[in-house]
Amino acid sequence: MSEGLFITGTDTDVGKTVVSALLTYSFAQKVSTTYFKPIQSGSPTDTATLKSWLPETSTLKVSNPVYEFQMPASPNRAAEAEGRNIDFHYVQKAYRELSQCSFPIVEGAGGLEVPLNSSQTVSDLISILNLPCVLVASTRLGTINHTLLTVHRLRQKNIRCLGFVLNGPEDPGLGELLEHQSGLPLLFHLNWQENIGSHFFAKEWQENRALQTFVEKAVVNQKSENASNFGSINALAELSQKDKSYVWHPFTQHGLVQDHPVVTRAKNSTLWMGDHKVIDAVSSWWVNILGHCHPEISQALKEQVDQLEHVVFAGLTHQPAIELSETLIKITRKKGCRLDKVFFSDNGSTAVEVALKMAHQYQRQSGGNKRHRFLALKGSYHGDTLGAMSVGARGGFHEVFEPLMFNVDFVDPFSETELENAFASLGHELAAVIVEPMVQGAGGMRMYPASFLNRLNVLAKEYGVLVIADEIFTGFYRTGRFFAFEHSELRPDFLCLSKGLTGGYLPLSVTLTGEDIYDSFLGDSFATAFLHGHSYTANPLACRVACQTLEILMRAQFEQDLKRVILTTSECLESLKDKSYFYNHRQLGTVGALEVLNSDGGYFHPQLSYRLHRRALEMGVLLRPLGNTLYSVPPYCTTDEELRKIYSVMNQIVEEEI
Ligand code: PMP
């Protein structure tokens, strides 16, 4: 069982509120539980009715509705009558807040396909909240048909149903028949009459075996799921041991690492390692922008998986890739870019390789034969494949591969003079310049001024040099703007995107470029085509998930969360300004970083970085120091409390070390 229960019915007036009340009361005897009916129409509301049933001394928690309408009609009609609209975002937000501290029993409105707004129904709300449901049916005429149709619809929408409850006079054989036909268990039976009032919370129910068994099982399931999807601590230790035997991890010196903690599940900004909760302060290598297991993204993926999982993308196409391309082009147009074509690949490094290869081939095919060099920035990182390594900072992670790399010229992003000199001497030999706009991520969250990019924009135009913007890390609001180049006047000829593109769900990347570049590859022979492609190019699952991610990012309400994260990050950084062991506090958008003063003046020894990382994990925060830099790059749903904890743990781990 997940974080709550959704109570739905085969129709209106079948007893959902009664069942919800009963379940809230019964769960509350075991865990902190709250009744929540987010959308209500007509008077009195079900919340008010439920409250009227409670004895005066009751401490049962009842949350207020998010939407209340006067007209006793379906919620969307009642909302329309008042000139309002039901927006799931607010329901989700209220649910999320509630589920932080309590187990919500969420009551739906009417049956599954009752419209809640012009395009969404109750079943969509259940999917979005990602809750298992209990189905309430009455024992009146027509119930077999209504129940089976509802179960069919729940399965179609991949909603997990724990079982059904029958309400009304005893109807011998009905429960068994429905169990047999639906494949779901009858959880319990009740016969509710209007005037039952507070009897409801009386002893008879607390002694109802079927009800109590269901509640106990659900609570035990919830606890063990919270503890671990694998059941026990021993199982986790065994897995970790097997990991040590069989797995080679990325960017890992296995000689320094004791073991790899097993992550058993995740939700929003929280990772669970068994029953140990950890805040994902690094968005799982900067990919997860909207929170883990986001209900809408999960739902989009579930729907796509039964439609088309993958198909070769050379010679064929599909709707998710087309839709995603159109959306990306429209977004970049709004930002003042002239990008017209989307080339798909499946990781950031490859998106960079593609841009480098396209720029090189374009120059050769359009008379720029002499333009065979690339300019990049000192301190940059563009990936781990050979081409991407070549344009990355030398002497760091990739030193051993230097003999394999091609020659690249580098300039300091803090020196416009170096940039000007490079253009003056090499301007006519450059095919392209590649930059991570505004923030060099892996280089240590180095933030350089927009004026550098403005100068680059002018020089690149003057010398006819292409500009590649690697927004693999900085894209999708990471720096507070949709793209980091928006902080400057630079509008790139190539745009590389990945990481946040799929909300952190699946590997996907894109390289966008303009029609003029695309046209230079046209012809009647393979020789001028762009001969590059990977087996999983434009995987439909990843594309569908990306479309859903972009849809969420484009909602107006999303910016509120973003602004809050930016503001709280700045308060957290400010709170560490007076600590003598921290310096160079800096922030751009949701990226917050500071440097730790090291007694020998150099970079942390990897052993120390690892120790800090492990200590932070123990204290409930996932951090990955970059050299002496500690930073936060959290999912945008991270709460203020979580952000404060991230910075407080940063402070504590350093304080302990010095
Ligand atoms: N470019 C930048 C700016 C990056 O931060 C990264 C990854 N951290 C990459 C490229 C490479 O992406 P990937 O790891 O998906 O290959």
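Cavities, sheet and helices

Reply: This is a predicted model. A search of the whole structure finds 3 cavities of 30 Å³ or more.

Me: How much space lies in the largest cavity?

Reply: The largest cavity holds about 180 Å³ of space. It is lined by 14 residues, of which His89, Arg96, His294, Ile552 and Asp561 are the closest to its centre.

Me: Which elements give two or more residues to that lining?

Reply: They are helix 4 (88-101) and helix 20 (558-575). Helix 4 gives the most, with 3 residues.

Me: Changing topic, in what order do the strands of the open sheet run?

Reply: The open sheet has 7 strands in the order 4-2-6-1-7-8-9, and the pairing is parallel. Strand 4 and strand 9 (186-190) are the edge strands, each pairing on one side only.

Me: And how many bridges join strand 1 and strand 7?

Reply: Strand 1 (residues 5-9) and strand 7 (residues 133-138) pair in the parallel sense over 4 bridges. Within these two strands, Thr8 stands opposite Leu135 in strand 7.

Me: What does helix 6 touch on the sheet?

Reply: Helix 6 (residues 143-156) packs on the sheet and touches strand 1, strand 7 and strand 8 (161-167). The direction of helix 6 makes about 165 degrees with that of strand 7.

Me: Where does helix 7 lie?

Reply: Helix 7 (residues 174-182) lies across strand 8 and strand 9, and runs at about 155 degrees to strand 8.

Me: Now helix 2, please. Which of its residues are buried?

Reply: In helix 2 (residues 46-53), the buried residues are Thr47, Leu50 and Trp53. Seen down the helix axis, the buried residues of helix 2 fall within an arc of 115 degrees, so they line one face of the helix.

Me: What covers the buried residues of helix 2?

Reply: The cover includes helix 1 (16-28), strand 2 (33-36), strand 3 (39-41) and strand 4 (61-62).

Me: One last topic: how many residues of strand 16 are buried?

Reply: In strand 16 (residues 430-435), 6 of the 6 residues are buried, so this strand is largely enclosed by the rest of the structure.

Me: Which bridges does strand 16 make with strand 14 and strand 19?

Reply: Strand 14 (residues 373-377) pairs with strand 16 in the parallel sense over 3 bridges, and Phe374 has Ala432 of strand 16 as its bridge partner. Strand 16 also pairs with strand 19 (residues 466-470), in the parallel sense over 4 bridges. There, the bridge partner of Ile434 is Ile468 in strand 19.

Key: Residues are numbered from 1 along each chain as its sequence is written. This is a predicted model: local features need pLDDT of at least 70, side-chain atom pairs count only at pLDDT 80 or more; totals for chains, interfaces and linings use all residues. Side-chain values use heavy atoms; hydrogens and water are left out. Buried means under 20% relative accessible area, exposed over 50%, partly exposed in between (1.4 Å probe, protein chains only). The arc is that of the directions from the helix axis to the C-beta atoms. Contact means heavy atoms within 4.5 Å. Two strands pair if DSSP finds at least two bridges between them. Axes are lines fitted to C-alpha atoms, for helices over the stretch in contact, and angles run from 0 to 180 degrees between N-to-C directions. On a 1 Å grid over the protein atoms alone, a cavity is a set of points where a 1.4 Å probe fits but cannot get out, and a pocket is an open set with protein on both sides within 12 Å along at least five of seven lines; lining residues have an atom within 4 Å of a point. Grid points are joined across faces, edges and corners, and a volume is the space filled by probe spheres set on the points.
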